[in-house]
Amino acid sequence: MKARAASLAAILAFGAASAASAADKLYTAYNIWFEQPTKVYSTNYQKGNILPAGSEVKDVKRSKDKLEFTDVTLGLKFTFEFVDRHHPGLTGEQWMARFLTAEDFAALSQGLTSEEIKAIRAGEVKAGMSKKAVLLAAGYPPEVGTASIKLDTWKYWRHRFGNYLVRFSDGKVSKSEQ
């Protein structure tokens with residue numbers, strides 16, 4: 001596991017998938033919404049299509065404020081733009097490191113209930129879901145509205161002008177306005 005984490009760190013640090021061995025695979029760490037894969041915003045607006053958590057990716061490239069990769073199944077190249085004002089206190093590198101993982105969906109969703117997995121696959125946040133399940137279903141809430149995922153209220157955006165809250169009690173969703 002430490003070797004895989006080091007491989008992932010090398011890929012993110014040097015911006016080239018060639019830094020990993022042929023046995024290493026990378027996957028999306030959570031559901032990512034997109035209308036056009038050529039320009040996906042860092043706020044992860046929950047509008048359009050979903051690139052599912054655990055989707056295998058290749059050809060990873062990164063620069064200061066941009067992350068690019070190709071989804072293996074869809075064959076689509078995705079370009080993500082980091083908007084720092086939406087993520088105060090977070091660097092572009094920290095934001096990018098959240099996107100990709102060496103774990104496939106089975107590993108990412110280990111320990112979750114079948115109801116949580118069904119909601120994640122649908123991109124839904126429902127009462128009773130754990131914080132881990134919400135992160136897989138909706139991604140990280142932008143720091144401009146949620147200073148820390150340790151808080152019990154998270155703010156997500158549907159689009160540029162609409163948002164919703166997810167409230168937790170004892171680590172489980174007590175109310176979602178999604």
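Does Asn 31 count as buried or exposed, and at what relative accessibility? In this predicted model, Asn 31 has a relative accessibility of 2% and therefore counts as buried, the limit for that class being under 20%. The residue belongs to the loop that runs between β1 (26-28) and β2.

Two polar contacts of the Asn 31 side chain involve backbone atoms. One is made with the backbone nitrogen of Ala 53, at 2.8 Å; in the other, a polar atom of the side chain lies 3.2 Å from the backbone oxygen of Ala 137. When neighbours within four places in sequence are set aside, the residues in contact with Asn 31 include Asn 44, Ile 50, Leu 51, Pro 52, Ile 120, Gly 123, Leu 136, Ala 138 and Gly 139, as well as Ala 53 and Ala 137.

The largest pocket has a volume of about 440 Å³. It is lined by 17 residues, of which Tyr 41, Thr 43, Tyr 45, His 159 and Arg 160 are the closest to its centre. Two or more lining residues come from each of β2 (32-34), β3 (40-41) and β9 (153-159). By class, the pocket lining comprises eight nonpolar, four polar and five charged residues.

Notes: Residues numbered from 1 in each chain as written. Predicted model: local features only at pLDDT ≥ 70, side-chain atom pairs only at ≥ 80, totals over all residues. Heavy atoms only, no water. 1 Å grid on protein atoms, 1.4 Å probe; cavity = no way out; pocket = protein on both sides within 12 Å on 5 of 7 lines; lining within 4 Å. Points joined across faces, edges and corners; volume = space filled by probe spheres on them. Helix = DSSP H or I, 4+ residues; strand = E, 2+ residues; numbered from the N terminus. Nonpolar A, V, L, I, M, F, W, Y, C, P; charged D, E, K, R; others polar. Buried < 20%, exposed > 50% of the residue type's maximum accessible area, 1.4 Å probe, protein only. Polar contact = N/O pair within 3.5 Å; in protein donor to acceptor, adjacent residues only side chain to side chain. Contact = heavy atoms within 4.5 Å.
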